[in-house]
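Dear colleague,

Please find below the structure that I am passing on to you, followed by an account of what was found in it.

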Amino acid sequence: MTEQTGEDARIAATERLLGAAPLGALDVVTSLAAQMLHTTSAEVSLITDVRHTVTAAGETAQNAGSSTSRIDSFCAIVVEEGQALVVADAVHDVRVRDRRPVVTGFLGSYLGVPMVADDGHVVGSLCVHQHEPRGWTAHDQEILTELANAATGHLEISALTDDYRGRQRAAELGTAATAAGIGTWEWNFADDSLVWDDVLLELFGLTPETFGGRIDSFNAAVHPDDLPEVTRALTEAIASSGIYEAQFRILRPDGGLRWIAARGKPAPGPDGRIDRFVGAVTDLTALRRGEARLGTVLDTMAVGYVALDRDGRFSYANTEAERVLATPRAEFLGSTAHEAFPGIEDSPVLQEYRRVADGGANVSFDAYYPPPLDAWFEVRVVPVDDGVGIYFLDISGRRAAQQEAERNAERAAALAEVAGAFAETLDAEQALLDAVRALVPRFADWTIVSTLDGGTAPWRKRLRDVGAWHHDPLLRGVLEEYRGLRVEAFADDSPVRDALTHGTLVLENSAALPPGHLLEPGRAHELLLDLAPATTVVLPLRGRGRTRGLLTVARTGDREPFSAEDTATLEEVSRQIGLGLDNAQLSAAQRGLAEELQLSLLTELPRFGDLQLVARYVAAADGAQIGGDWYDGFTVADGSTFLVIGDVTGHDRGAAVAMAQVRNVLRGVAHALRDSPARILEALERAMRDLAVDTLGTAVLARVEQGPTDATRVLRWSSAGHLPPLVVHADGGAELLDRPHDLLLGLDSGLPRHDHTVALLEGDTLLLYTDGLVERRDEDLDEGLDRLRRNAVELAGLPADQFCDTLLERMSPGSEDDIALLLLRVHPTR
């Protein structure tokens, strides 16, 4: 026999089982495989020239009934090799890492075992798999092998049953029965002769010579324990001229035992009287073995299983079901659910049982069962041949872990939102309101946040409610009014005072506290009754060394009171808010000091009749540091006006000192030298070297000179690596003076510097600026310069001060650096 012929025989064996696959029973097998091995997917696949996914559970359940190529199929490997395929880490397993399910990231680990038909052919595979790598144990493989054997047994019996039923309807019953392995028999009453065909002889392990041909020969082969029932059924069928049916065991001469199903009916002779019985016998051994294997698996698995018949009576329960139900199975088998366990008529399990029993599909759900069980179960209800099967797994531990993880996630999210609130704004009160909103409705129904000023005044004079939030929009107005009245209404000895000095305060049934205990009688107390807090927690907001305020959180009677775990989480949140408030106040103080120092280093601009100078300085978002951006404007003895914009590297006190040094030296050089901007910058660089001003920086130095007519000016400038000046002409055009620029200040290269000139007419506007105005992390510099030009053109008609302010409003969002801006506008000569 060639290899191809062997493969043809294997495919033929597979197709025989494929056409009779019992989906209900196989659904149970895949469900058990997924649950017992704790995987995301399980499948039964039969392999011909393609892969047939007969049934599937878990994430791949939608693949059931589909046929796909066997090229990338792991199950095809199991069939080809005839042995289990164990893949712990598919990505690094050279056998499978290039296959599509691995490359796409769908499959990270796999365990598949062969399904072997009764004729010895490997017809398919039962497999489990998941996305992540996993180490498979020998016990895992044993469980899967047992389930695969049970699945194969179901396939064999279904195929036999289908064959038998089909051939009963065929015209050539004898030939078809022989091909299907169904033996036929005829028993003649007249001479007590018994005729068996070759199939039946082979089934009993006899030959024509060793078979006696009498009913006694048959009785001798029946297992002694089953013979009385077989005889009774046959006698009753003869007496009633009815159908004879029986299932029993036989003992073969070689010692083997077989389970068979016999069926017969009376047949009339020529005279019309019943003179014989004719019938057929089917081998049930594979089915019985499969049922035994499945029963063993069911009874030893850690998943509870019960079966209910179509009348709703318990027909089977495994050992785990006994344990979970705390009732021996003998006490409830044969009873209905409500007879055995009164009070569960409306339970989810029985509701789903009725739906599945009425023809519904498989259903899975999680449900809680009160004492005496007091546990969460994952339940699966599936149809079986004679009723409904129910699997249930105690997931109380998993549920508790999941709830703990959810609580930790809520806690982490609240802390992150609180931290984010103070990181995203410099407005401390807005940050407080954003922070406490993160608690509603996550931890409370409503909140109030308060700040406590320093000093020695009484606590009520220093306490100020700055924000509140309610989960119910209809009650936000009530809460807001209460917030405005609450502090003044606190009683002198209110327990809130203790929270400020001694720590967390928990008020039970706080809405029912009598007037005078928490609040004085009046409107505030009436509003508190409308807000109806059942439990209130008041927590101090502690900064570094002092209390910065209070956090009040409340729950109404619709929610459980605050647990000890809730209170611990809120205490951590309040510490986070307290530190955030402390940092915000400290940052505001540092920012104010830095801005004041920065502005003190910048000079006041001179005033001219026909030249208007306007300057603006905007500190970066992190305004606690002093920057190196600077501007200046001054006149020299010959009447020329000098303008300068610059940026010294660094953002610290050293940068501020260097900026002041460069500015002062530049002023002195310009007054002494009275030369062009390029020559002055060359002299400045020499002076920086001689005076040991160790810094780098960019600058544009410009001189405004009188032009050939009274209506014109000449701008002469030199650039030390700085951004190009912008001129907005009176006619609406705009020009970036993008001329070749020279090296940065401080490099001491000795290279000559260069001047450039441009005419300025009446109404023209010159703009000098630092890089914070145009540079952004997410765009090219050219885009920023073009954005500046377009905005300047749109704003050209505005007065100089309004021009600068509006331009900054448009250009400063998104800036991460300081911005210095110096504007020169040429007015008509007066």
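An open sheet is built from five strands, ordered β18-β17-β21-β20-β19, with antiparallel pairing. Its edges are formed by β18 (463-470) and β19 (505-508), each of which pairs on one side only. On average, and with direction ignored, neighbouring strands in this sheet are turned by 15° against each other. Please bear in mind that the model is a predicted one.

Within this sheet, strand β17 (residues 446-452) and strand β21 (residues 547-555) run antiparallel and are joined by six bridges.

Helix α17 (residues 476-489) lies across β17, β18 and β21, and runs at about 170° to β18. Helix α18 (residues 495-502) lies across β17, β19, β20 (535-542) and β21, and its direction makes an angle of about 40° with β20.

**Two hairpins around β10**

Strand β10 takes part in two hairpins, one with β9 and one with β11.

On one side, strand β9 (residues 244-251) runs antiparallel to strand β10 (residues 257-268), and eight bridges join them. Tyrosine 244 has glycine 264 of β10 as its bridge partner. Five residues separate β9 from β10 in this hairpin, and glycine 255 in the turn has a positive phi of about 95°.

β10 also pairs with strand β11 (residues 274-283), in the antiparallel sense and over nine bridges. Here alanine 261 stands opposite threonine 282 in β11. This hairpin, too, has five residues between its strands, and its turn contains glycine 272, with a positive phi of about 90°.

**Cysteines**

A disulfide is a covalent bond linking the sulfur atoms of two cysteines. How many disulfides does a search of the whole structure find? The search finds zero.

Cysteine 127 illustrates this point. The closest cysteine sulfur to its own is that of cysteine 75, at 3.7 Å, which is too far for a bond, because a disulfide requires the two sulfur atoms to be within 2.5 Å. Cysteine 127 is also buried, with 0% relative accessibility. Cysteine 804 likewise counts as buried, at 0% relative accessibility.

With kind regards

Notes. Residues numbered from 1 in each chain as written. Predicted model: local features only at pLDDT ≥ 70, side-chain atom pairs only at ≥ 80, totals over all residues. Heavy atoms only, no water. Pairing = 2+ DSSP bridges. Helix = DSSP H or I, 4+ residues; strand = E, 2+ residues; numbered from the N terminus. Axes fitted to C-alpha atoms, helices over the stretch in contact; angles between N-to-C directions. Contact = heavy atoms within 4.5 Å. Buried < 20%, exposed > 50% of the residue type's maximum accessible area, 1.4 Å probe, protein only.
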